[in-house]
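Here is a walk through one protein model, a few spots at a time. Keep the structure open as you read.

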Amino acid sequence: MDILAALNPAQRRAVETLDGPMLILAGPGSGKTRVIAHRIANLVLEGGVPPYRVLAVTFTNKASREMRDRVEGLLGDTVGDITIGTFHSVCARFLRRDGDKLGIDRSFTIYDDDDQIRLIKAVLEANNIEPRQFSPRSVLSVISRAKNELIDASGFAKRSGNYFDEVVARAYRGYEAALAEAHALDFDDLLGQTVNLFRELPDVRQRYADRYLHVLIDEFQDTNLAQYTLARQVASVHGNICVVGDPDQSIYSWRSADIRNITNFERDFPDCQVVLLEENYRSTQTILDVAHAVISEHPGRRRTTRMNTNRGQGSPVVGFEAYDGGEEAAFVIREIRRLQREKGYGFNDFAVMYRTNAQSRAMEEALVEARPRIPYRLVGGTRFYERREVKDILAYLRLVHNPFDSVSLLRVINLPARGIGDRSIEELQRWSRGLGVPAYTGLQLLRDWREGEVSVDSPPSFASRSLAALLGFLDLLNRLIERGAAVSTYELIEEISRATDYRRHLQSSFDDSDERWDNVEELKNVAAQYAELTPDAALGSFLEEIALVSDADTIDNRSDAVTLITLHAAKGLEYANVFMVGLEEGILPHIRSFDSTAQMEEERRLCYVGLTRAREHLFLLRAVRRVRHGMSSANPPSRYWKDIPPTSWISAGARSRSRTSVLAHESMPRSNGGALPAGTIQP
DNA sequence: CGCCGTACGGTTTTT
DNA sequence: CCGTACGGCG
């Protein structure tokens, strides 16, 4: 197969140049995924690089899978040897292998943000920090940012200036100690501890850097300092590092992504080749013009060239000003049916994009009621693994794998209710803290103390009934740990359900217990996929997969359905027809960004990302009034509305003309182009 | 001391 | 509209 055929000159250069650092600045729809896949194939075929010596990092696990498929298509089976994954999954792999040299338990548990918040809360309480003044979430976000900038607790303490920072510094120390005690790493640790590993053990770094002859990174504009540092460490021997990014699509600075990594790359690798991919193969010229009109209002934007396409002018971009959310959804449904009827699209060709997950509900309700049916898939939203019953069972599983995981222990210690109340839990924590041990060890010492095998200066003050309940829980846990070594994860879930009488617990606590029990059954089915591994390995892989693979990664395109997705999650995806809903001040741009210019610029880029997902038809929608938690309020149109050139508009107007026509005239430029086909706008 | 019912508050984006 | 916090009851 000729890897270079059917590539334009810029793409060809990006694929052909085999050695040295390379910076590819690629606009939307420029085929960057394709270029990376072809570059990997060319390295193997022309450069003679063994696949196992290639490291390719993508932004999501889904992108990893797609990359693997593409390369496989070009190379065949040898692709299996390439390391492809997100930074987080690649780091987890490195740390499972070599983390012990840094004192990290091989069975470490990965804490998600829910776990982090619970832990921070406990730390704040233990330090007598007033949670009203220092909310766990705000404290955590400062700590998380510090970690992503590779500032540890003592580094943070040194540079802390004001009172808030001093309190956070204390919390940071306590949080790190609590994580270590729980044998847990949070998401940021996966990156930070790998950087530490490579820093503190040069021979380990050398081993990885020797191995990876080529490093490729997609979505480079959304990497943070820890990720960039890690990439440089791995590329430190061979210097073959190829990064692909688009500053205009940088939308994750709130997760510590730093656009300066791109300028620093040119500084750190002065001999790097810069390749610009500015030909667009995705969208019509009309869609690109609208996107360009929005992004060109971005202050301090670096790249000023305009993307061009060979896909022709295409249909006008349609703006629709609905009276309320219901009318907005009705328009989406009408247009889906019209386009299906006239152009023969499948449901898979449509996506509805919004700023916040909460906006999906109104759309879902409308779609559920639509007749004939419109199937849809919701990306994100209330995720399966975030459901309470699933998290409960997972907490038991995590305890079996790592009983020092105190967050999980405290989650299920009285679940189902077994007579261990707040008072007992508090006393257990006081007792454990006094001994300097995790809660699990504290429980064991409690049992030893009761049997007279341990004597202490200040004995714990438990009611005898509470003490019995606590030790009963310890027995249960130890029994499950014993079983965990013997049976499959599938069977372990069954034994947990049985031992805790979990189904009855659901029945007595929830009206929708059947549905919740189905979710437990579904979790068992996921676990069944690990049947061929040994019990311990199976449980470990199962838990890691759940921690690192988000639901957005599991979207299957096999069923034919309309996609409901946030603008963030839509990054890297494309659809023939895109509806961007809720283009209102306060939603996009989001009200929480109003007080910072940097955040406001990011909102604009987010809008740009959405606009450029569309291949053929793009619909921009807003509602004049919208119901938000019970109250209906009027929202002015998004500021991006007015940046869009009048020539590409069709003002669809609102169903209730008398109520909205004045507003429509004021806020929307009238089109001089055609009109929507008759019937689409009528009630 | 634990459990259950009611009132109230809070609501971006995600590996 | 969902989860939490608090207060009264067993």
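H183 is partly exposed, because its relative accessible area is 25%. Bear in mind that you're looking at a predicted model. You'll find H183 in the loop between α8 (163–181) and β5 (184–186). Its phi is near 50 degrees, which is a positive value in a residue other than glycine.

L150 is another one to look at: here phi is near 60 degrees, again positive in a residue that isn't glycine. Look for L150 in the loop between α6 (136–148) and α7 (153–159). With 23% relative accessibility, L150 counts as partly exposed.

## How α4 meets α9

So how do you describe a pair of helices that pack together? Two packed helices are described by the angle between their axes and the distance between the axes. Take helix α4 (residues 87–98) and helix α9 (residues 187–200): they pack at an angle of about 55 degrees, and their axes are 9 Å apart. α4 and α9 are therefore oblique to each other. Their crossing is left-handed.

Which residues do the touching? From α4 come F87, H88, C91, A92, F94, L95 and D98, while α9 brings F187, D189, L190, L191, Q193, T194, L197 and F198. Sorted by class, this contact of α4 with α9 has ten nonpolar, three polar and two charged residues.

## How α4 meets α10

Helix α4 also has a contact with helix α10 (residues 202–211): the axes of the two come within 13 Å and cross at roughly 130 degrees. At that angle, α4 is oblique to α10. The crossing of α4 and α10 is right-handed.

On the α4 side, the contact uses F94, R97 and D98, and on the α10 side V204, R207 and Y208. By class, that gives three nonpolar, no polar and three charged residues.

Now for T86, which lies in strand β3 (residues 83–86). Is T86 buried or exposed? It's buried, because its relative accessibility is 6%. The side chain of T86 reaches the backbone nitrogen of S89 at 3.0 Å. Setting aside neighbours within four places in sequence, T86 is in contact with V57, T58, F59, T60, N61 and S64.

Next, find E544 in helix α24 (residues 535–548). This residue counts as buried, because its relative accessibility is 17% and the cut-off for buried is under 20%. What does the side chain of E544 make a polar contact with? The partner is the side chain of R96, at 2.6 Å. Not counting residues up to four places away in sequence, E544 touches A92, R96 and I110.

## How α21 meets α23

In α21 the residues in contact are T489, Y490, I493, E494 and S497, and they meet W517, V520, L523, K524, N525, A527 and A528 in α23. The contact of α21 with α23 has seven nonpolar, three polar and two charged residues by class.

L45 lies in helix α2 (residues 32–45). This leucine counts as partly exposed, because its relative accessibility is 46%. If you leave out neighbours within four places in sequence, L45 is in contact with I3 and L75. How far is it from L45 to R96? Their C-alpha atoms are separated by 32 Å, and the two residues are 51 residues apart along the chain.

R338 is found in helix α14 (residues 325–343). With a relative accessible area of 9%, R338 is buried. R338 and R93 are 245 residues apart along the chain, with 48 Å between their C-alpha atoms.

## Two cis peptide bonds

Finally, where are P372 and P589? P372 is in the loop between α15 (360–369) and β13 (376–378), and a cis peptide bond joins R371 to P372, with omega about -5 degrees. P589 is in the loop between β15 (575–580) and α25 (597–611). The peptide bond from L588 to P589 is cis too, and its omega is near 5 degrees.

How values were computed
Residues numbered from 1 in each chain as written. Chains lettered and ligands numbered in written order. Predicted model: local features only at pLDDT ≥ 70, side-chain atom pairs only at ≥ 80, totals over all residues. Heavy atoms only, no water. Axes fitted to C-alpha atoms, helices over the stretch in contact; angles between N-to-C directions. Helix = DSSP H or I, 4+ residues; strand = E, 2+ residues; numbered from the N terminus. Parallel < 35°, antiparallel > 145°, perpendicular 65-115°, else oblique. Left-handed = near helix turned anticlockwise from the far one by under 90°. Contact = heavy atoms within 4.5 Å. Nonpolar A, V, L, I, M, F, W, Y, C, P; charged D, E, K, R; others polar. Buried < 20%, exposed > 50% of the residue type's maximum accessible area, 1.4 Å probe, protein only. Polar contact = N/O pair within 3.5 Å; in protein donor to acceptor, adjacent residues only side chain to side chain.
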